[in-house]
Amino acid sequence: MTEKTIVDLVRESHKDSTSTSPQEGSKRPGGASLQGQAERMSENIPVDKGVEEALEKLLQNVRNKMAWSEVKLPSQGLLYPNNETSIRIRPFTFEDERLLKSQASQDNPETILESLLRNCTEGIDVTTLTPHDKVYVLFCLRGISYGDNYPISHDCVNCKVTSNLDMSIKSLETTPLKREDMVFTLPDSLMEAEIKLPRGQDEHLWNTPESLMANMHMFVYRVGEIMDKTIIEAFIHKTTVRDIDTLRTRIFTPEYGMENHFFYNCKGCNHKNKVDIALNESFFTAS
Ligand SMILES: [Zn+2]
């Protein structure tokens, strides 16, 4: 007869109690009642405690590495309803990796990253994060999970020689968002404009040049004293391209957050190359 665990016994006992003939289930081949068997097995619990203690010992150095830590957001709390300036993060676990790999075949990368963020952060709903904050948090997560070095390989634009570069996530500079980035004077109308910055969930509103122009007024909170969306939309249609260009740059490519590129000199020809920092295939591997 194979050994039964307490869990198995509980399951069988549940099955028995719901079966149409409860009498049959109360006796097992070998004579012992379920009750008696479970009682005898519960005497073995000190052994399980030993297992727990042993595991605890093996994981003693992992505990604080798996702890939640706080990360200051580049947006500085200027963009969120409760002025949250930071988010709590914890490293990826085996379970997170497993989830990612099982989802990788079916979902789009954005959905996968979002569910990963949801698991590993606390304090702010990840769908409301600005794209800049989101990228920053992802790189922080990678840093605490796999280490600070982020391998990037790049082909020289001049001589095509491949360089394997090791970027340090900590060394990347982060520019905090300032109030002046969101309230400024337009160059031609000389009106003061106040803008809102897009969130991850807004991407469909501006991911093509047409939708960007059609929806720009939704990200303009105020022009002069006017907050009426219809008037603001009409203003956008009638003002100069220089005003529009200022609004477009400030709203859709704001200059805050983590550095998004770096330079290196090619070993082959000494050409200075610019490399964009993006999530690459090394993102979920140890460096
Ligand atoms: Zn080169």
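Trainee: Hi! Where is Asn270 found?

Mentor: Asn270 sits in the loop between β11 and β12. Strands (E, at least two residues) and helices (H or I, at least four) are DSSP runs, numbered from the N terminus. Before we go on, this is a predicted model: local features need pLDDT of at least 70, side-chain atom pairs count only at pLDDT 80 or more, and totals for chains, interfaces and linings use all residues. Residues are numbered from 1 along each chain as its sequence is written.

Trainee: Thanks. What is the phi of Asn270?

Mentor: Asn270 has a positive phi of about 65°, although it is not a glycine. Most residues other than glycine have a negative phi.

Trainee: And is Asn270 buried or exposed?

Mentor: Asn270 counts as exposed, because it has 10 C-beta neighbours inside 10 Å. The cut-offs use C-beta atoms placed from the backbone: a residue is buried if 20 or more others lie within 10 Å of its own, exposed if 12 or fewer, and partly exposed in between.

Trainee: How do β11 and β12 pair up?

Mentor: Strand β11 (residues 261-265) pairs with β12 in the antiparallel sense over 5 bridges. Two strands count as paired if DSSP finds at least two bridges between them. Asn265 stands opposite Lys272 in β12, and the hairpin has 6 residues between the strands.

Trainee: What sheet do β1 and β2 belong to?

Mentor: An open sheet of 3 strands, in the order β1-β2-β3, with antiparallel pairing. The edge strands are β1 (69-72) and β3 (121-122), each pairing on one side only. Between β2 and β3 there are 2 bridges, and Arg88 has Glu122 in β3 as its bridge partner.

Trainee: What packs on that sheet?

Mentor: Helix α7 does, touching β1, β2 and β3. The direction of α7 makes about 35° with that of β2. That angle comes from lines fitted to C-alpha atoms, for helices over the stretch in contact, and runs from 0 to 180 degrees between N-to-C directions. A contact here means C-beta atoms, placed from the backbone, within 7 Å.

Trainee: How far does α7 reach?

Mentor: α7 has 16 residues and reaches 22 Å from its first C-alpha to its last, close to the 22 Å expected. The expected span is 1.5 Å times one less than the number of residues. After α7 comes Gly147, with a positive phi near 115°.

Trainee: Which elements give two or more residues to the largest nonpolar core?

Mentor: First, that core has 15 residues, and Ile89, Leu117, Cys120, Val137, Cys140 and Leu141 have the most contacts inside it. The elements are β2 (86-89), α6 (109-120) and α7 (131-146), and α7 gives the most, with 5 residues. A nonpolar core is a set of buried Ala, Val, Leu, Ile, Met, Phe, Trp, Tyr and Cys residues joined through C-beta atoms within 7 Å.

Trainee: What does Leu117 touch?

Mentor: Leu117 touches Val126 and Val137, leaving out residues up to four places away in sequence. There is also a second, separate core of 14 residues, including Tyr80 and Phe235.

Note on methods. Contact = placed C-beta atoms within 7 Å.
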